[in-house]
Amino acid sequence: MQPRNMSMSGVVDLAAVKAAQEAKSKAEQARAEAARQGGGTGAVSPADLVIDVDEAGFEREVLQRSTEVPVVIDFWAEWCEPCKQLSPILEQLVVEYNGRLLLAKIDVDANQMLMQQFGVQGIPAVFAVVAGQALPLFQGAAGKEQIQQTLDQLVQVAEQRFGLTGIVVDPDAEPGAAQAAAPAMPAGPHDALLEAAVQALDAGDFGGAVQAYKNVLSDDPGNTEAKLGLAQAELLQRVQGLDPQRVRQDAAEKPSDVPAQVAAADLDLVGGHVEDAFGRLIETVRRTFGDDRDAVRVRLLELFEVVGSDDPRVVTARRALARALF
């Protein structure tokens with residue numbers, strides 16, 4: 001396991017975009033399969049909301065379960081006095097959230113590898129995993145009110161960005177019964193092609209990734225993961241080999257030159273400057289007409305796909321684009 005997207009700020013980098021696309025798609029597949037099986041893995045008992053996790057069980061207990069519900073991780077040790085103050089607060093709050101969160105307790109003395117992979121510098125340290133993505137929450141002891149505000153934000157991010165609404169809690173359920181009965185999710189019809197596309201991205205074969213995603217879409221035009229992956233792969237393919245200094249100089253000297261502006265916007269997005277990329281293209285829409293304007297509009301829509309339609313920056317930019325067009 002390698003933690004990814006270690007930020008809740010929403011700043012886009014391409015590794016985080018890819019992680020989000022994969023995680024969101026897997027979460028959607030898991031929920032769809034749960035519904036097909038007749039309502040999911042069933043209700044859990046309150047005791048199942050707080051679990052001890054080790055390296056061997058991390059994939060199953062944290063990564064897989066994070067496709068259903070955000071998993072808060074409490075890194076602690078027996079000798080850590082602040083941990084003894086924090087852990088009971090976390091346990092109480094997670095139970096109070098009534099299935100909208102799980103708490104995974106990891107003893108750092110027994111799980112040094114997990115501690116290193118998350119970059120934990122000191123304990124107590126609290127992280128979360130949402131749809132397979134790791135997010136830092138806070139380090140050190142904190143008061144209940146502060147912790148609750150952080151958990152509220154976590155729940156909101158999970159619901160708005162990934163559609164994770166949590167799991168059902170039944171006070172009368174037997175501890176562990178729901179996990180024991182959980183069915184394995186079968187592979188989807190395009191899993192091999194999607195995995196090939198991801199491997200191509202990792203290897204820097206952006207053309208191969210583009211073709212793999214297009215192969216999926218030729219059979220399944222509505223495949224969300226393939227649509228998002230294709231947008232990202234095409235962006236990476238476009239910026240490959242560009243001279244950033246020359247591109248930015250051309251864009252500065254030629255504000256109405258469409259190729260110069262769209263190339264600079266691509267670089268803006270790759271660099272995580274989302275608002276700059278959107279703003280640049282919206283201004284270019286205002287300056288251009290006819291086919292040039294339409295080309296800029298299409299490129300902007302492609303960048304919206306990379307960032308994600310539910311991102312608030314995309315929502316704002318869509319409104320600005322509408323004003324520029326009409």
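1. The model is predicted: local features need pLDDT of at least 70, side-chain atom pairs count only at pLDDT 80 or more, and totals for chains, interfaces and linings use all residues. Residues are numbered from 1 along each chain as its sequence is written, and side-chain values use heavy atoms, with hydrogens and water left out.

2. Helices (H or I, at least four residues) and strands (E, at least two) are DSSP runs numbered from the N terminus. From its first C-alpha to its last, α11 reaches 18 Å, close to the 18 Å expected at 1.5 Å a residue; the expected span is 1.5 Å times one less than the number of residues.

3. The axes of α9 (residues 224–239) and α11 (residues 258–270) come within 10 Å and cross at roughly 115°. Axes are lines fitted to C-alpha atoms, for helices over the stretch in contact, and angles run from 0 to 180 degrees between N-to-C directions. The contact is made by L235, R238 and V239 of α9 together with D266, L267, L269 and V270 of α11.

4. Helix α14 (residues 312–325) has 14 residues that should span 20 Å at 1.5 Å a residue, and its end C-alpha atoms are 20 Å apart, which agrees. Its buried residues are R313, V314, A317, A320, L321 and A324. They cover an arc of only 125° around the axis, which puts them on the same side of α14; the arc is that of the directions from the helix axis to the C-beta atoms. On the other side, P312 and R323 are exposed. The cover over the buried residues of α14 includes α12 (274–287) and α13 (290–307).

5. Two loop residues deserve mention. The peptide bond from I123 to P124 is cis, with omega near 0°, and P124 lies in the loop between α4 (112–117) and β4 (125–130). N98, in the loop between α3 (81–96) and β3 (102–107), has a positive phi of about 55° although it is not a glycine. N98 is partly exposed, with a relative accessible area of 48%.

How values were computed
Buried < 20%, exposed > 50% of the residue type's maximum accessible area, 1.4 Å probe, protein only. Contact = heavy atoms within 4.5 Å.
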